[in-house]
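User: I'd like to learn how to read a sheet and a cavity in a model. Could you walk me through one?

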Amino acid sequence: MVSNFEHLKLPRINIELPRRSIRGSGGNKRTNVTEHSKHLLSQISILTEPKKEKANPFRLDPKLIFKLKLAKKGYISDDLITLTGLDCLAREANKAIVVFSSDNQLTEFKNRLESYSQIKDGPKYEYLGSIDDVVPLEREDRIGHLLQLKPVESDELAFLDLELWHTGDRKEMKKYLDDIADVLESLSSDTASMRMSDRYIGEYLCIARIKVTHEVLELLLEEEIVKEIDRPPQPAFESTADYNLPISDFPEVVSPPEENCGILVIDSGVQRGHPLIAPVLGEAEVFSDEKRQFIKGSADDVNGHGTNVAGIAIYGDVENCIKQRSFDPTVWLFSARVTNDDNKYDDDLLVETQLDQVIRAFVEQYPNCKVINISLGNADQIYRDGMKQFRLAAKIDEIAYEYQHKNILFVISAGNAFYEEAKSDEQLRTDYPNYLLKKSARIIDPATSAIAITVGSLSFGRGSITEPSDVRRQAIAKLRGYPSPFTRTGFGVDGMIKPDVVDFGGDLVLDLSYRESLGLPKTNVLSDNVAGVSVLTLSKDYYSSLFHICSGTSFAAPRVANLAAQLFTKYPDASSNLIRALIVNSAVIPKEIPPEFQGNSKQSQSEKTKTIKNELAIYGYGQPELQRAMYSAENYVVLSEDNISIKVGSFHIYEIPQLPSDFLTKKGTRILSITLAFDPPTRPTRGDSYLGVTMEFDLFKGIDREIVKNAYEAASKTSLPDESTDNTKTKLKEKHGAGIEVTLSPGSNVRKKGTIQRGQVEITSRAKKYDKGNMTLVVSCNRKWANPDEIEMQRYALVACISHSDPKVDLYNRMKIQIEQRERIRGRV
């Protein structure tokens with residue numbers, strides 16, 4: 001029997017190493033600054049020369065918006081941009097900075113370039129050497145990805161999302177939108193009813209839902225204040241099927257305690273009368289247009305998807321509940337319906353507006369509503385390397401940051417991929433699982449959210465229950481823990497590890513007999529709702545069938561949401577960061593994974609690195625487990641710290657107690673892991689870094705803590721904060737030997753790109769220096785673009801975990817005694 005011990009406190013040393021300076025500029029030193037200056041001044045002259053007025057009814061107040069294209073190694077800080085008389089609107093991944101100026105003559109910019117040219121005396125302004133070109137924004141820059149894929153037809157009246165460049169002045173942005181709305185109304189006719197139906201103005205986003213003709217779209221694309229126009233997103237749903245299981249002795253469902261955590265399911269609604277839902281339903285609401293012309297009726301679920309998701313969110317493993325003939329819910333359910341009977345979003349409403357309304361209605365009204373499950377995704381918005389954050393994902397991150405005090409946690413499905421390149425369904429079997437690493441299988445909006453937990457899908461490793469002996473009905477993944485054939489994969493924005501975790505979402509069955517039985521030529525049919533292969537959950541049509549079967553990442557996400565809610569109930573004062581850290585810390589890569597993602601001793605270092613990245617792209621950190629997340633045991637110890645605030649630009653130092661001798665000498669698998677979670681400000685306009693603040697950690701063994709402290713303190717004086725950590729490690733290893741660093745996997749360069757990071761190592765019998773005293777853990781926090789007046793302190797949670805496969809190794813009590821002794825000594829000092 002496994003023991004349920006409370007997690008221990010991670011010992012922290014009361015040292016906060018000093019703030020580091022921020023880089024202002026860097027880059028190219030030009031050999032001929034005079035010619036370079038002339039080149040830029042010539043481009044500015046073209047930008048500022050009066051333009052011929054075109055017949056455009058919008059006549060929006062023009063802003064001089066343009067791009068600074070930087071050299072490959074060039075960098076200019078936002079402060080220097082401001083001193084040049086410009087305002088930074090966005091940074092792109094290709095080193096370009098989008099800026100605007102209220103001075104249409106760019107006087108300060110030109111004065112600095114003239115001084116930089118050395119034609120006249122004055123400051124050198126060498127940072128201007130980082131600029132290769134000054135270029136205008138073109139019409140093509142304003143066309144969104146979905147609009148590129150599906151342009152507006154000449155005779156079409158289309159709903160579109162209009163985004164303006166946000167100047168930082170909300171009143172000014174409101175006037176722009178008011179002016180556009182007025183013009184649309186004036187251009188409207190009986191045959192073309194154009195309008196602005198919704199709008200959203202945030203800290204850095206200014207968007208509106210408009211309905212326009214092709215002709216009016218072309219006019220808007222010429223306006224400089226327009227950042228992008230795109231087609232609106234639409235959700236993607238999986239297919240499902242009823243599954244009749246007789247329950248003669250239907251159990252009475254007892255509502256959970258009032259204080260237990262609740263899960264908000266944002267979806268197609270929920271069937272409120274279902275006997276397994278009604279006792280746990282806190283509130284259900286519909287979020288439609290004001291006149292309720294789009295989503296007609298109540299918050300009840302017409303499609304069934306929301307009810308399917310909700311069943312798993314409430315009970316976690318519905319199939320196990322049926323086997324046990326016991327439904328004992330531990331969480332409350334809240335439901336927000338955001339789609340109509342056809343599973344579509346409201347054409348007139350921005351999804352961002354709906355999300356805002358949902359959060360205000362539930363999170364502000366119900367203190368226990370902390371976990372938010374979103375199993376909706378836009379299959380047309382597939383993430384590609386170098387892209388900026390999607391808008392809905394960015395809005396989710398903005399909400400998570402804004403509601404830090406509420407400690408809400410978003411759980412989002414990775415989305416379902418379709419192997420469109422396959423010439424036949426049978427090719428899915430032959431190309432599986434390699435096609436999951438194709439660009440077309442990458443995660444979709446909003447699964448790229450940085451602060452949410454993104455969930456991919458695993459197969460149960462079972463065949464059909466109804467036709468187990470039919471060789472022509474073949475599951476594709478077949479083995480338990482193999483990735484579902486439809487799961488979407490990473491990485492995310494700026495190379496973040498996504499999905500974060502995986503859980504069971506089912507498999508696909510290749511039916512080779514269907515058309516053959518009809519006497520037709522043999523082609524293949526895919527089924528995602530086969531008993532045994534699929535996920536068992538609740539049915540919207542409960543009066544005819546209580547249960548339903550379905551497959552998809554939509555049904556993997558609520559399993560993790562259920563786990564998160566149970567953790568919040570266990571730890572009601574925990575931050576959302578700690579819950580994320582505990583979930584990821586508990587995650588384990590399945591025992592059986594495809595050979596394509598397994599490393600071996602014969603691989604070169606580059607091959608091993610590629611294998612690790614492929615495994616991370618498919619599985620993230622693995623499949624979480626409630627027992628491991630909630631409790632420690634004799635041979636499994638979790639040390640944690642929560643709600644710690646660190647000055648941005650500083651370091652914190654922790655100690656991991658000396659590992660017991662029998663932990664190192666007894667045969668078995670020894671695992672040491674560190675997990676860090678934090679929730680920084682984010683900004684989708686920043687191509688250089690979506691995160692305004694980044695964090696990372698390093699672990700050392702066999703070296704005195706004071707030596708490590710002094711090394712990091714010296715490094716804190718560097719002018720390049722992003723490089724100081726790597727430089728410090730290098731210098732320490734050069735002086736004290738490479739063996740002092742605990743080499744965690746994945747490496748720091750991979751894991752530090754995200755807001756939830758885990759590094760772990762298997763301690764082999766040949767490993768050295770683990771018996772040489774306490775280990776030193778250094779946590780660092782770096783400022784990217786976030787200004788000090790915006791964020792001075794960053795909160796985070798930290799988890800260290802040590803485990804041994806032999807249950808006889810009494811690791812927990814030995815570590816507990818060391819920590820208590822240390823606390824007593826500290827109390828005397």
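User: How many bridges join strand 9 to strand 11?

Analyst: A quick note before that: this is a predicted model, where local features need pLDDT of at least 70, side-chain atom pairs count only at pLDDT 80 or more, and totals for chains, interfaces and linings use all residues. Residues are numbered from 1 along each chain as its sequence is written, and side-chain values use heavy atoms, with hydrogens and water left out. Strands (E, at least two residues) and helices (H or I, at least four) are DSSP runs numbered from the N terminus, and two strands pair if DSSP finds at least two bridges between them. Here, strand 9 (residues 157-164) and strand 11 (residues 206-213) run antiparallel and share 7 bridges. Glutamate 163 sits opposite isoleucine 207 of strand 11.

User: In what order do the strands of the open sheet come?

Analyst: The order is 10-11-9-12, 4 strands with antiparallel pairing. Strand 10 (195-201) and strand 12 (226-230) are at the edges with a single partner strand each, so one side of each has no neighbour in the sheet.

User: And how do I look for cavities?

Analyst: Rolling a probe the size of a water molecule over the atoms shows where empty space is left. A cavity is a set of points on a 1 Å grid over the protein atoms alone where a 1.4 Å probe fits but cannot get out; lining residues have an atom within 4 Å of a point.

User: Which element gives the largest share of the lining of the largest cavity?

Analyst: Helix 9, with 4 residues. The lining has 13 residues in total, with Ile266, Tyr345, Val351, Leu355 and Leu392 nearest the centre.

Note on methods: 1 Å grid on protein atoms, 1.4 Å probe; cavity = no way out; pocket = protein on both sides within 12 Å on 5 of 7 lines; lining within 4 Å.
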